[in-house]
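Subject: Structure for you to look through

Hello,

I am passing on a structure that I would like you to read through alongside my notes. Please open it first and keep it beside you while you go through the rest of this message.

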Amino acid sequence: MKRRDCQDGFLAIVAIVVVVIVAFIAVTATYQFTGDSLSSFNHLRSAQAFHIAQAGIEQGKHDIVTNGNTCSGYASGVVTFTPSSGSGSGQYQVTGSINSAATTLNGALSNSATSIALVNASGFTNSGTSAAIVDNEVITYTGVSGNTLTGVIRGINGTAAVAHSSGANVQQNECFLTSTAGIPTIGSPSGKRILKALIVGTSFGFNIGGNFVIPAAAGSGNFSLQGNPTVANPSVNLGGPGYPGSNILINGTLNTTGNSWQTTVAGGTNSSSGSLGVNPDIQQNTSAFNSANLFSQYFNVTPTQMRASAISNGTFHAAGSSINGLHGQVIWYDGDLTLGGGSTVGTAASPVLLIVNGNLSLKGNDRVTGFVFVLGTSDAASGTPDVTGAIAGIGDISLKGNPTVTLDQSVLTLVNQISGGTNVKYSNNAVILQESFQ
């Protein structure tokens, strides 16, 4: 009897152990299943957030490349996302920053070189994958050692790897986009991804920044027409869209005296005896042209950046120096500039982009062909000075005597090809630089 009781007790212990083991296995399996399910859910949310972040990069790229928005300070909004497993939502936010630099080659460059020696590499990014332009060839590089770009890959974005001569222009204009995405929201995400991408600037170009026709003359101050001056914009037709203000755009007021001043566009002329209401090619009190933002209407870099670019390129000129005869370049003139009555700057085949960090005075038969931007006042005081291209100024603009300002689209097209850090055209390719999981 005792033997049977012992057997029953042993079997009871075994049964309890088996029950505990089975329960442990069940709990473990349940925990593992729950963990796997949670892991799968988190993986799904993270994947969904990745696609939303990628959508943010594509939206930013479209806005900048196609719509012409500036990169610096770029921000986009919220997008709704519906995953395949059911309804849901997500958000993305995109910010942008820009880096610009310019210099020249320090020595000739063969078509197969994998490092590039520069005169001055300061300002060129050194953060992994970066891009620059040598003449018209787009290259990427992975590092900067002194004044040398290293880890170079030649001829990207459809450009050709060709030889370049010593002194060739080297430019960099990069747009860095950061897209942060969260499911269901960025503030309280169950899945979050951050993508950083680079859009390569393929070419610099002078370009007006607003949604209006480029004027022959523009200013954030007052505009005076005295004597017999002529301001002409022959590229704009009276009946064309954006015609009003297509010749003279000013933030201040127009002052006119004399009997022979005129402003002309294709098909019409304003004069001292005409009516501005009939041919409204002069627009006053344009708030978009105030002194704070006039420069940015034409360029997406600051005056400081453009000045530094001119120093790097050797086209910086101190006050008192002569620029007579210069052409085909960006000219930064630091100080008041008086050409002197018989100077020629730029030609129809090789115009200039002239930035005057001071006041400009034209006299006699001075000739400037290109685009002129004056950070001070502009004065064509006597004689028959001529500007062919366009002119804009922060301060007052005064045309006296017999000066002529004529907008010339062919000249401005050539100015587009001048290097030096103005508006930029970006490639259609965005390079993902970094991906963060959160």
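Strand β2 and strand β6 (residues 148-150) run antiparallel and are joined by two bridges; strands here, like helices, are DSSP runs numbered from the N terminus, with at least two residues (E) for a strand and at least four (H or I) for a helix. Two strands are said to pair if DSSP finds at least two bridges between them. Within this pairing, Ala117 has Thr148 of β6 as its bridge partner. The two strands belong to an open sheet of three strands, ordered β2-β6-β5 and paired antiparallel, in which β2 and β5 (143-145) are the edge strands, each pairing on one side only.

Before going further, please note that this is a predicted model, in which local features need pLDDT of at least 70 and side-chain atom pairs count only at pLDDT 80 or more, while totals for chains, interfaces and linings use all residues. Residues are numbered from 1 along each chain as its sequence is written, and side-chain values use heavy atoms, with hydrogens and water left out.

How far can the model be trusted? The pLDDT, which is the predictor's confidence in each residue from 0 to 100, has a mean of 76 over the protein chain, with 69% of the residues reaching 70 or more. Confidence is highest in strand β2 (residues 116-117), at a mean of 96, and lowest in strand β28 (residues 424-437), at 52. Over residues 203-212 the pLDDT falls below 50, although this stretch has 39 contacts in the model beyond near neighbours in sequence, a contact meaning heavy atoms within 4.5 Å. Where pLDDT is low, the predicted coordinates should not be read in detail.

As for the chain as a whole, it has four helices and 28 strands, and 44% of its 438 residues count as buried, which is to say under 20% relative accessible area, with exposed meaning over 50% and partly exposed in between (1.4 Å probe, protein chains only).

Strand β18 (residues 330-334) is mostly covered, with five of its five residues buried. In a regular strand the side chains alternate between the two faces of the sheet. From β18, Val330, Trp332 and Asp334 point one way, while Ile331 and Tyr333 point the other way. On the pairing side, β18 is joined in the parallel sense to strand β17 (residues 316-318) over three bridges, where Ala318 has Asp334 as its partner, and it also runs parallel to strand β21 (residues 352-357), with five bridges between them. There, Tyr333 stands opposite Val356.

Ser224, in strand β10 (residues 223-226), has a relative accessible area of 13% and is therefore buried. Leaving aside neighbours within four places in sequence, Ser224 is in contact with Asn255, Ile397, Ser398 and Leu399.

Best wishes
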